[in-house]
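Welcome, and please take a moment to look over the sequence and the model below. We will then walk through them together.

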Amino acid sequence: MEHNQSRCPLYARLLKIAVEFLRSKDDMQQLFHRAYLPTHYALPDPPVSAAPCLFALPPHDDVDRVSSLPDALLHNIVSRLPAKDAARTAALSRRWRGVWRSGPLVLVDSSLFPATSAVSSVLAAHPGPFRCVHLTSCYMDEFHDLLTGWLQILADKGIQDLVLVNRRWPFGVALPATFLGMTTLTRLYLGPWMFPDTAGLPSATCFRNLRELGLCNVVMESRDLDFVLDRSPVLETLCVEGNMLRLCLRLVSQSLRCVQIIGCFLEEIFVVDAPLLERLIQSEGFTPNGNFTKLKIGHAPKLQLLGYLELDQRHVLEVGNTIIKAASRVSPSTMVPSVGTLALEVCFGVRNDAKMVPGVLRCFPNIETLHIKSGKTDQSSGKLNLKSWHESGTIECIRSRIKLLVFHDFGGGRGELAFLKFFFESALVLQEVVIVFAAAFSSFEEVESKLESLVSMKRTSETTIVLVAACSDPHGGDIRSFKIGSGFSPTDPFANY
């Protein structure tokens with residue numbers, strides 16, 4: 001691994017950040033969690049299944065109906081088989097002899113053994129084009145030169161959909177720059193790798209067909225990400241997971257529709273000009289002591305779904321050219337009227353954090369679904385009571401817009417209850433409240449006792465209250481799923497209950 005690390009000075013920076021971040025046992029556990037995020041959990045599903053098998057015709061039926069199908073349908077059938085079975089179809093009959101080689105290649109190495117030699121054989125045997133290749137089972141650090149050759153073959157044979165995972169980490173494995181020449185790519189998922197330095201690459205480099213990009217535990221600098229985004233004119237979906245280098249993400253794109261960032265060290269996300277952006281999802285980011293994370297929203301007229309916004313002293317929200325604070329005055333320039341679903345994370349035990357809620361909600365006057373995640377802290381500094389919430393004034397989206405409130409990680413604290421009471425007393429069109437209680441509760445009865453005052457209080461609208469146990473998914477449920485987050489389906493990625 002020494003040769004890869006020496007070629008990439010990012011490795012030294014990565015270690016420095018790790019040392020700065022490890023201030024306590026909790027910090028160490030958090031960093032370990034970020035560094036070893038379940039990459040495979042975020043990857044797209046492979047297009048083939050190991051379940052289908054080849055069978056002989058049953059004794060009572062000697063008519064081969066499948067072979068009479070058009071070539072296009074036979075290619076479709078073969079493309080859904082594991083590579084070894086797909087190649088074996090050539091032995092079925094003369095009709096099938098050229099089907100596998102004449103159709104676009106679909107290769108998933110998880111069904112091959114030994115994977116490395118089998119991949120080399122398949123890539124050499126098939127003339128192309130290559131429609132989809134998923135390489136997730138090879139130990140890339142041991143075959144770096146071989147990998148470079150594979151990538152060149154993929155580029156030469158018109159690869160469209162590529163998932164490339166270095167199964168056995170270390171951070172120092174540098175991704176060959178060969179992949180930057182794959183101009184036919186429409187979807188690309190990488191991880192975990194050390195991204196190649198883009199400083200000296202030709203400006204003509206371009207992913208002119210790339211529509212979906214996933215970077216899972218890829219160590220890269222902001223300039224490298226900017227390089228890729230600037231040269232992807234039709235990119236619609238960007239997913240970044242687990243980058244521990246400080247990222248400053250500037251979104252200038254006429255095509256991006258969804259950006260999903262999970263478990264990254266973010267210094268700034270600046271939505272400069274993204275006229276088609278519909279979803280901006282960020283979660284589980286980490287901000288070492290002494291650092292700040294800023295989200296700045298500029299031109300994003302179609303932004304519909306946003307979150308999680310963490311309301312604490314280390315996270316800053318800027319709309320237009322105004323930093324939103326507890327006492328900020330609302331104006332058209334500080335509003336994002338297109339957002340219909342918003343997710344916030346709030347420590348109700350920290351008074352200054354909770355005081356940010358009214359100011360932030362006033363920036364999003366038309367939200368109909370609000371997710372509130374109750375953050376945890378060991379440094380309680382006073383809670384807002386019901387009177388304090390009412391003194392904050394009318395919040396128009398609570399009063400006349402929000403129909404669904406989902407309160408995550410409810411712990412039964414007085415600050416949480418005061419907020420919910422204020423919400424119930426203010427909301428005129430609220431239809432449903434889902435309370436997802438924290439794992440610390442031992443039973444529904446214990447939760448019901450905490451919520452007794454809410455259930456019995458007089459509410460301004462006919463509201464159904466639903467109690468839900470804490471999510472048992474250790475990876476955070478739908479919020480970490482790139483497929484759900486970027487699927488543009490009605491499924492709410494924040495609804496992991």
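**A walk through the model**

Y308 lies in strand 12, and the strands and helices named here are DSSP runs (H or I of at least four residues for helices, E of at least two for strands), numbered from the N terminus. A cis peptide bond joins G307 to this Y308, with omega at about -5°. This is a predicted model, in which local features need pLDDT of at least 70 and side-chain atom pairs count only at pLDDT 80 or more, while totals for chains, interfaces and linings use all residues. Residues are numbered from 1 along each chain as its sequence is written, and side-chain values use heavy atoms, with hydrogens and water left out.

Let us step back to the chain as a whole. It has 18 helices and 19 strands. Of its 497 residues, 51% count as buried; here buried means under 20% relative accessible area, exposed means over 50%, and partly exposed is in between, using a 1.4 Å probe and protein chains only. What share of the contacts between residues at least 6 apart in sequence joins residues at least 24 apart? The share is 72%, where contact means heavy atoms within 4.5 Å.

Next come the spaces inside. A search of the whole structure finds four cavities of 30 Å³ or more. A cavity is a set of points, on a 1 Å grid over the protein atoms alone, where a 1.4 Å probe fits but cannot get out, and its lining residues have an atom within 4 Å of a point. Grid points are joined across faces, edges and corners, and a volume is the space filled by probe spheres set on the points.

The largest cavity has a volume of about 240 Å³. Strand 12 supplies the largest share, four residues. By class, the lining has eleven nonpolar, seven polar and four charged residues. Ala, Val, Leu, Ile, Met, Phe, Trp, Tyr, Cys and Pro count as nonpolar, Asp, Glu, Lys and Arg as charged, and the others, Gly among them, as polar.

The second largest cavity holds about 70 Å³ of space. Its lining includes H75, W100 and L105. Two or more residues each come from helix 5 (71-79), helix 6 (83-88), helix 7 (99-102) and strand 1 (105-108). Helix 5 gives the most, with three residues. Eight residues of this lining are nonpolar, three are polar and none is charged.

Five strands form an open sheet in the order 7-9-11-13-14, with mixed pairing. Its edge strands, which each pair on one side only, are strand 7 (247-252) and strand 14 (322-323). Two strands pair if DSSP finds at least two bridges between them. Strand 13 and strand 14 pair in the antiparallel sense over two bridges, and V319 stands opposite T322 in strand 14.

What about the cysteines? The structure holds zero disulfides, a disulfide being a pair of cysteine sulfur atoms within 2.5 Å. C216 is buried, with a relative accessible area of 0%. C264 is in no disulfide either, and the nearest cysteine sulfur, that of C216, is 9.7 Å away. C264 also counts as buried, at 2% relative accessibility.

A cis peptide bond joins G191 and P192, with omega at about -20°. P192 has its place in the loop between strand 4 (187-191) and strand 5 (212-216). In the loop between strand 5 and helix 10 (222-230) you will find N217. The phi of N217 is near 60°, a positive value in a residue other than glycine, and N217 is buried, with a relative accessible area of 2%. D409, found in strand 17 (residues 404-410), has a positive phi of about 60° although it is not a glycine. At 26% relative accessibility, D409 counts as partly exposed.

Notes: On a 1 Å grid over the protein atoms alone, a cavity is a set of points where a 1.4 Å probe fits but cannot get out, and a pocket is an open set with protein on both sides within 12 Å along at least five of seven lines; lining residues have an atom within 4 Å of a point.
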